[in-house]
Amino acid sequence: MTPAGPFISTERLLLRPLRVEDADDVLEYQSDPGTVRYIPWPERSRDQVIEALQQHTANAFEAPAHDREFALLAWTLRDGGKVIGQGNLGIESEQHGHASIGWVTHPGFVRQGYALEATRALIDWGFGALGLHRLTATIDTRNLASARLAERLGMRLEASHVDDEWFKGVWTSTWIYALLEREWR
């Protein structure tokens, strides 16, 4: 079942569940080698984007609450509805109120504040509506733009792992950024 909500509004964006109908917009960034360099999926064809959207939207939740449940949200422009990125929030531990977050931005919309705006709204939703205690983001240490975004969001660098992941043919290192609900408020 593809979820109908949430609909999270910001000044310039509407965050809503990704849909198969978003494939053409999503293809624009999921097929870009620079965009997917630090993302777990390869450059995708249109058919691969549709397949991924079918799989992920079928398994996404409107309001994730239990371990391994997640929300996958499109960032759509209020003017025109174009999908310019996506955010995800996945429950890591229901018992401990811990979720992970992530983000991907269309290359034509970077450095315009959209990722900051969308991810702030996602964090507000997680700590507010979902009642989470802690959010974390795992970032490839080569991805300085994502690390800067995490820092602009008030997340703190909590851990640095060296050569902890075999990723796209090389050993990579990761940073773990974290934020507690009380730090956000």
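The following legends describe close-up views of a predicted model.

**View 1. Helix α3 and its buried side.** Helix α3 comprises residues 46–59, 14 residues in total, and extends 20 Å from its first C-alpha to its last, close to the 20 Å expected at 1.5 Å a residue. Val 49, Ile 50, Ala 52, Leu 53 and Thr 57 of α3 are buried. They lie on the same side of α3 because they cover an arc of only 165° around the axis. Asp 47 and Glu 51, on the other side of α3, are exposed. The cover over the buried residues of α3 includes α1 (23–30).

View 2. Ala 71 belongs to strand β3, residues 70–77. Ala 71 is buried, its relative accessible area being 0%. Not counting residues up to four places away in sequence, Ala 71 touches Phe 61, Pro 64, Gly 87, Asn 88, Leu 89 and Trp 125. A distance of 18 Å separates the C-alpha atoms of Ala 71 and Gln 30, which are 41 residues apart along the chain.

**View 3. The largest nonpolar core.** This core has 36 residues, and those with the most contacts inside it are Leu 15, Leu 89, Ile 101, Trp 103, Ile 123, Leu 135 and Met 155. Elements that give two or more residues to the core include β2 (13–17), β3, β4 (83–93), α5 (144–152) and β8 (170–180). With nine residues, α4 gives the most to this core.

View 4. Leaving aside neighbours within four places in sequence, Ile 101 is in contact with residues including Asn 88, Leu 89, Leu 122, Ile 123, Leu 135 and Met 155.

Note on methods. Residues are numbered from 1 along each chain as its sequence is written. This is a predicted model: local features need pLDDT of at least 70, side-chain atom pairs count only at pLDDT 80 or more; totals for chains, interfaces and linings use all residues. Side-chain values use heavy atoms; hydrogens and water are left out. Helices (H or I, at least four residues) and strands (E, at least two) are DSSP runs, numbered from the N terminus. The expected span of a helix is 1.5 Å times one less than its number of residues. Buried means under 20% relative accessible area, exposed over 50%, partly exposed in between (1.4 Å probe, protein chains only). The arc is that of the directions from the helix axis to the C-beta atoms. Contact means heavy atoms within 4.5 Å. A nonpolar core is a set of buried Ala, Val, Leu, Ile, Met, Phe, Trp, Tyr and Cys residues joined through side-chain atoms within 4.5 Å.
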